[in-house]
Structures are given as C-alpha cells and as structure tokens.
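These are my notebook entries on one protein model. I set down what I looked up, entry by entry.

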Amino acid sequence: MDMEAIITRVTEEVYAHLTDAQPTQCAAELAESIEHSLLNPDASADMIRKGCEEAGQYGFANVCVSPYYVGMASEILKGSGVAVCTAVGFPHGAASTKAKCAEIREAIMNGATELDLSMMLVAIKSEDYGAVEKDLYEMVSTVGNRAKVKAIYEQGLLTDEEKQRSLRIAVKCGVDFIKISNALTGKKACVEDVNFVRSQIGDKMGIKIDGGIKTAETAYGLIAAGANRLGCSASVKIVTAQ
C-alpha cells in the first residue's frame, strides 16, 4: 500500500471515530488541536474580544494574537484554560536577536504562555547556519520554561537541504513544536509537509501547521498525518461544520 493510500485510510478511520461520537464530543476533540488565529493586520480590539470569547466557548487550544493584544487577551481569558500565543520576529525573523529577546520578555510579562519564534530566514538563505542556531538558542534560553516554544519554519521557501538543516537546528535548540508556516507563500497546509517534518524530527516533538485550513475534513487529515496543532482563522466554522 502506498503512502497516499495509507494517509487516506487513516484519515477515514479518524473521521469515522470522531463522527460516531456525540457532536459536542467531536467538536471538543478537534477544538483542542486548534490555535484560533486572530492575526489579521486589521484586527480591532472588538475582533480580539470576540475571538477570545469564541476560544473560551469552543475550547480552542489558544488564541494567537499580535504582541499588541497579548495583555488584553490574557485578561479576557484568565481562568478559562485557553492559552495566549503570540509570534516573535514574525514573519522573517530578521530583527536582531536582542530585539527578539526583548519582545519575548515583554510578551511573557503580559501573559503569553505560548510563543511562535521566527527562525532567521535571511540567515538560512545565506547559509549562515551558525547565526541561525545562535539566534534560536538565545531566544529559547530567554523563554526558559515560562512558555511553550514553537519554531516557525517557512518550508515553502526552503530547499531540501535548507529544510533538513533548519529542522536539525530547531531540534537541537529544544523547541516544543515545529510550526510549518505558509504565511509568506500562501501555500495550503498539506499532509505531505507534515509527513516530511515528522520524518525529520521523530515523534518526540509537536508539529503545528497553518495555511488555508477551512474544513473539519482537512483538519482531521492533517492530524492523522501527525500534526498536533492547527493554526486556523476559520476555527468556528471548522468545529461547527457551518
């Protein structure tokens, strides 16, 4: 049986299991894997407030907000069990390491408990892997054990060698998740990308993926392939099948 057939079969099994459950249970299981993305550049305070309320209502893993809104989201979600995530150095990772570490400290002070750290894409493309590792290591060290860490990995912009070396660095630096980001390419999240990353990092680290995830079927397929978290802006539609 080829890999595509295996993924199709596993997806069908996962989907069947979840759809056989009560609808509320099905939605809850899926919601626990969803990171509710509220990162649009035109997001207003009212939109953030509504998004946080949705995250609490449906039990999403977290809300992802810009650093500007971390304090507000943390206050709204206090005691809800929903984490607050923000991105650091997004999207290129090209700010100085000191600037990104300052951003990390402020985000944690304001209540962020999950951080998506942009790997230094310009250094990767320049084959300066020493700088890539030093930058990520210092960011992870600044976080310490105060928040979960995801290394943002723009797979669609990298060659095979760049992918492999970047992933090795992320593993070495001890991040909790690899985030397969498609923010700079507009590429859709796909099981092939999850399969590739999982083949490189093994099963002891989480995988997050984003990029045009609009349906529960797509979400289940990515989870069946090995993703642990899904970055979604259509989160409510996914869990309510609207």
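I took two strands as paired if DSSP finds at least two bridges between them. Helices (H or I, at least four residues) and strands (E, at least two) are DSSP runs, numbered from the N terminus.

**Entry 1. Basis of the model**

I note that this is a predicted model, in which local features need pLDDT of at least 70, side-chain atom pairs count only at pLDDT 80 or more, and totals for chains, interfaces and linings use all residues. Residues are numbered from 1 along each chain as its sequence is written, and side-chain values use heavy atoms, with hydrogens and water left out.

I looked up the confidence next; pLDDT is the predictor's confidence in each residue, from 0 to 100. The chain has a mean pLDDT of 91, and 89% of its residues reach 70 or more. For residues 10–23 I found a pLDDT below 50, and this stretch has 11 contacts in the model beyond near neighbours in sequence. Contact here means heavy atoms within 4.5 Å.

**Entry 2. The barrel**

I traced a closed barrel of 8 strands in the order E1-E2-E3-E4-E5-E6-E7-E8, with parallel pairing. From one strand to the next the twist averages 25°. Angles run from 0 to 180 degrees between N-to-C directions, and axes are lines fitted to C-alpha atoms, for helices over the stretch in contact.

I then checked individual pairs. Strand E2 (residues 62–65) runs parallel to strand E3 (residues 83–88), and 4 bridges join them. Asn-62 has Ala-83 of E3 opposite it. E1 pairs with E2 in the parallel sense over 3 bridges, and His-36 stands opposite Val-63 in E2.

Which strand pairs with strand E1 (residues 34–37) in the parallel sense over 3 bridges, besides E2? I found strand E8 (residues 229–232). Here Glu-35 faces Gly-231 of E8.

**Entry 3. Two helix pairs**

I examined helix H3 (residues 45–58) and helix H4 (residues 70–77): their axes come within 10 Å and cross at roughly 40°. The crossing of H3 past H4 is right-handed; a crossing is right-handed if the near helix is turned clockwise from the far one by less than a right angle, and left-handed if anticlockwise. On the H3 side I listed Ala-45, Ile-48, Arg-49, Cys-52 and Gly-56, and on the H4 side Met-72, Ala-73, Ile-76 and Leu-77. This contact has 7 nonpolar, 1 polar and 1 charged residues. In this count Ala, Val, Leu, Ile, Met, Phe, Trp, Tyr, Cys and Pro are nonpolar, Asp, Glu, Lys and Arg are charged, and the others, Gly among them, are polar.

Helix H7 (residues 129–143) packs with H8 at an angle of about 30°, the axes being 9 Å apart. H7 also passes H8 in a right-handed crossing. Tyr-129, Val-132, Glu-133, Leu-136, Tyr-137 and Val-140 of H7 meet Glu-162, Arg-165, Ile-169, Ala-170, Lys-172 and Cys-173 of H8. By class I recorded 8 nonpolar, no polar and 4 charged residues.

Is Glu-154 buried or exposed? Glu-154 is buried, because its relative accessible area is 5% (buried means under 20%, exposed over 50%, partly exposed in between, with a 1.4 Å probe and protein chains only). I located Glu-154 in the loop between strand E5 (148–153) and helix H8 (160–173). Neighbours within four places in sequence aside, Glu-154 contacts Ser-181, Asn-182, Ala-183 and Leu-184. Glu-154 lies 62 residues from His-92 in sequence, and the C-alpha to C-alpha distance is 9.0 Å.

Asp-210 belongs to strand E7 (residues 206–210). Asp-210 has a relative accessible area of 14% and therefore counts as buried. Not counting residues up to four places away in sequence, I found Asp-210 touching Lys-179, Ile-180, Ser-181, Asn-182, Ala-189 and Gly-231.

**Entry 4. Backbone details**

Most residues other than glycine have a negative phi, and most peptide bonds are trans. I looked for departures from this.

Phe-90 and Pro-91 are joined by a cis peptide bond, with omega about 5°. Pro-91 sits in the loop between E3 and helix H5 (97–109).

Glu-127, not a glycine, has a positive phi of about 60°. I placed Glu-127 in the loop between helix H6 (121–125) and H7. Glu-127 counts as exposed because its relative accessibility is 62%.

Within helix H10 (residues 216–225) the buried residues include Ala-216, Tyr-220 and Leu-222.
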